[in-house]
Amino acid sequence: QVQLVESGGDLVQAGESLRLSCVASGIIFSLNAMGWYRQAPGKQRELVATITNGGMTNYADSVKGRFTISMNNAKNWVYLQMNNLKPEDTAVYYCAARRTVRAGYDTWGQGTQVTVSS
């Protein structure tokens, strides 16, 4: 079992920055990738960014050039640096983990609220 806990959400103004953090505990050696998803009110949850244990990253087009995902060497912390935030980035951000590509992202944190005011 793996547990994920996010932190770092806040209320900021457009153009400002935030860094989200997620710590994984439990059987973390079984994970091969972690990522961030978000869900805005009335919308479906969407991918923001992912990173594999090998360091390969993937970003949603809407955040490319503004957000950066990273992972520590122990592979138990994942971060999302968010720069030049926009009101449309407002959402609950969820940390996610994956054991295999086939299984997909099936472990989730409780979420952290990011609100960007204009």
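Mentor: A disulfide is a pair of cysteine sulfur atoms within 2.5 Å. This is a predicted model, where local features need pLDDT of at least 70, side-chain atom pairs count only at pLDDT 80 or more, and totals for chains, interfaces and linings use all residues. Residues are numbered from 1 along each chain as its sequence is written, and side-chain values use heavy atoms, with hydrogens and water left out.

Trainee: How many disulfides does a search of the whole structure find?

Mentor: One. Cys-22 and Cys-95 form it, with their sulfur atoms 2.1 Å apart.

Trainee: Why is it called left-handed?

Mentor: The torsion about the S-S bond of Cys-22 and Cys-95 is about -80 degrees, so the disulfide is left-handed. Cys-22 lies in strand β3 (residues 18-26) and Cys-95 in strand β9 (residues 91-98), so the pair ties together parts 73 residues apart in sequence. Strands are DSSP runs of E, at least two residues, numbered from the N terminus.

Trainee: Are those cysteines buried or exposed?

Mentor: Both Cys-22 and Cys-95 are buried. Buried means under 20% relative accessible area, exposed over 50%, and partly exposed in between (1.4 Å probe, protein chains only).

Trainee: New topic. What's up with Glu-6?

Mentor: Glu-6 sits in strand β1. Glu-6 is buried yet has no salt bridge. A salt bridge needs a side-chain nitrogen of Lys or Arg within 4 Å of a carboxyl oxygen of Asp or Glu. The nearest side chain of opposite charge is Arg-45, 7.7 Å away. For charge, Lys and Arg count as positive and Asp and Glu as negative; His and the chain ends are not counted.

Trainee: Which backbone nitrogen does the Glu-6 side chain reach at 2.8 Å?

Mentor: That of Cys-95. The backbone nitrogen of Gly-111 also lies 3.0 Å from a polar atom of the Glu-6 side chain.

Trainee: Back to salt bridges. How many are there?

Mentor: Five by this rule. Arg-38 pairs with Glu-46, closest N and O atoms 2.7 Å apart. Arg-38 also pairs with Asp-89, at 3.0 Å. Arg-38 is in strand β4 and Asp-89 in the loop between β8 and β9, 51 residues apart.

Trainee: What does Arg-66 do?

Mentor: Arg-66 forms a salt bridge with Asp-89, closest N and O atoms 2.8 Å apart. Both Arg-66 and Asp-89 are buried. Arg-38, Glu-46, Arg-66 and Asp-89 are linked in a network of salt bridges.

Trainee: How exposed is Glu-46?

Mentor: Partly exposed, at 36% relative accessibility. Arg-38 is buried, with a relative accessible area of 6%.

Definitions and conventions
Helices (H or I, at least four residues) and strands (E, at least two) are DSSP runs, numbered from the N terminus. A polar contact is a pair of N or O atoms within 3.5 Å; within protein, one must be able to donate a hydrogen and the other to accept it, and residues adjacent in sequence count only if both atoms are side-chain atoms.
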